[in-house]
Amino acid sequence: MSERLENGAAMTDQAANKDGFIAALDQSGGSTPKALKLYGVEQGAWSNDDEMFDLIHQMRARIIKSPAFTGDKVMGAILFEQTMDRDIDGTPTAKYLWEKRGVVPFLKVDKGLADEADGVKLMKPMPDLDALLERAVANGVFGTKMRSVIDAANPKGIAAVVAQQFEVGRQILGHGLVPIIEPEVTISIADKAEAEDMLLAEIQKHLDSVPAGKQVMLKLTLPTKANLYKPLIDDPRVMRVVALSGGYSRDDANAKLKQNAGMIASFSRALTEGLSAQQSDAEFDAALGSAIDSIFEASRAG
């Protein structure tokens with residue numbers, strides 16, 4: 001069996017079955033300054049985008065190389081495109097994740113959000129997606145992630161979000177990659193529970209379009225009604241349902257996650273909360289280890 005097939009089988013088994021969670025290390029251009037500020041790196045520390053991305057890569061490399069960051073508890077990690085294109089200690093990042101840390105690599109592929117219409121923000125067009133997916137395959141990436149946003153319980157808007165996600169998802173499946181479909185429901189909206197009911201119904205409808213023998217993953221906001229997404233977790237066409245933290249603190253996100261059986265975390269800000277560029281390596285590793293332990297326990301509590 002070729003190395004790629006062997007890796008693919010091992011990654012599939014881990015992604016589908018292993019206890020753990022997915023670390024979202026995929027802040028893009030728009031959210032990078034905020035992520036760096038929370039990490040204790042102020043806006044004046046860089047003079048152009050290249051320097052900014054160098055700094056965020058240093059932060060991500062520090063996380064990935066930490067003794068706490070291994071496949072024992074971190075099942076997978078989502079990378080930003082520029083992170084995939086860079087190395088850690090001379091090894092391409094996705095390969096480093098799998099070969100050195102035992103963590104399944106995913107890639108964020110969307111190009112950001114379009115302007116709001118019908119209470120939602122669709123994904124911007126992705127004319128170069130096929131080329132990016134080919135590069136992802138060549139880099140040893142297992143799956144992808146793409147995000148849309150739902151800001152209101154608007155049936156027309158939610159239908160459009162899910163239709164777009166699954167259409168692009170089928171394109172991704174065609175390259176042998178597993179798409180993480182992420183229609184995020186904003187946690188602060190008044191009609192969040194109603195939006196989630198509509199979202200569940202739309203996803204169930206579109207699962208019929210998943211090609212035979214293929215699976216998708218779903219990344220969803222922690223629901224207002226506990227276990228709302230259990231039918232999706234139990235659906236054979238869904239490899240895994242993962243939760244985004246959506247702005248909740250780590251403690252709040254973990255508490256909500258524990259109420260949802262079978263759902264695991266895919267946290268970004270809630271994972272890196274409390275990490276600082278000013279910490280010694282020992283302090284940093286201890287803080288990250290504590291965060292990973294708490295998210296791991298919440299992910300298997302259900």
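**Close-up 1. R62 lies over the face of F284.** In this predicted model, R62 is placed at 4.1 Å from the centre of the ring of F284.

**Close-up 2. F106 and F142 form an edge-to-face aromatic pair.** The ring centres of F106 and F142 lie 5.7 Å apart, and the angle between the planes is 90°. Here too the pair links distant parts of the chain, with F106 in strand β5, residues 104-108, and F142 in the loop between α6 (129-138) and β7, 36 residues apart. F106 is buried, and F142 is buried as well.

**Close-up 3. G76 is a buried residue of the model, placed in strand β2.** The strand that holds G76 covers residues 74-79. G76 counts as buried because its relative accessibility is 0%, and the cut-off for that term is under 20%. When its neighbours within four places in sequence are left aside, G76 is in contact with F21, I22, A23, V103, V104 and F106; among these contacts is F106, the residue of strand β5 that pairs with F142. The C-alpha atoms of G76 and I63, which are 13 residues apart along the chain, are separated by 13 Å.

**Close-up 4. D50 is an exposed residue of helix α3.** The helix in which D50 is placed covers residues 49-65. D50 counts as exposed because its relative accessibility is 56%, and the cut-off for that term is over 50%. Between the C-alpha atoms of D50 and F284 there is a separation of 25 Å, and the two residues are 234 residues apart along the chain.

**Close-up 5. D89 and N227 have positive phi values.** The phi of D89, a residue other than glycine, is near 50°, and D89 is placed in the loop between β3 (87-88) and β4 (91-92). With a relative accessible area of 58%, D89 is exposed. N227 is likewise not a glycine, and its phi is positive at about 65°; this residue is placed in the loop between β9 (216-221) and α9 (230-233). N227 has a relative accessible area of 32% and is therefore partly exposed.

**Close-up 6. The largest pocket of the model holds about 850 Å³ of space.** The lining of this pocket is made up of 33 residues, of which Q27, S31, R147, E184 and S268 are the closest to its centre. At least two residues of the lining are supplied by each of α2 (32-38), β7 (143-150), β8 (178-185) and α11 (269-272). By residue type, the lining of the largest pocket divides into eleven nonpolar, twelve polar and ten charged residues.

Key: Residues are numbered from 1 along each chain as its sequence is written. This is a predicted model: local features need pLDDT of at least 70, side-chain atom pairs count only at pLDDT 80 or more; totals for chains, interfaces and linings use all residues. Side-chain values use heavy atoms; hydrogens and water are left out. On a 1 Å grid over the protein atoms alone, a cavity is a set of points where a 1.4 Å probe fits but cannot get out, and a pocket is an open set with protein on both sides within 12 Å along at least five of seven lines; lining residues have an atom within 4 Å of a point. Grid points are joined across faces, edges and corners, and a volume is the space filled by probe spheres set on the points. Helices (H or I, at least four residues) and strands (E, at least two) are DSSP runs, numbered from the N terminus. Ala, Val, Leu, Ile, Met, Phe, Trp, Tyr, Cys and Pro count as nonpolar, Asp, Glu, Lys and Arg as charged, and the others, Gly among them, as polar. Buried means under 20% relative accessible area, exposed over 50%, partly exposed in between (1.4 Å probe, protein chains only). Contact means heavy atoms within 4.5 Å. Rings of Phe, Tyr and Trp (its six-membered ring) pair if their centres lie within 6.5 Å; planes under 30 degrees apart count as stacked, over 60 as edge-to-face and the rest as tilted. A charge sits over a ring if NZ of Lys or CZ of Arg is within 6 Å of the ring centre and within 35 degrees of the ring normal.
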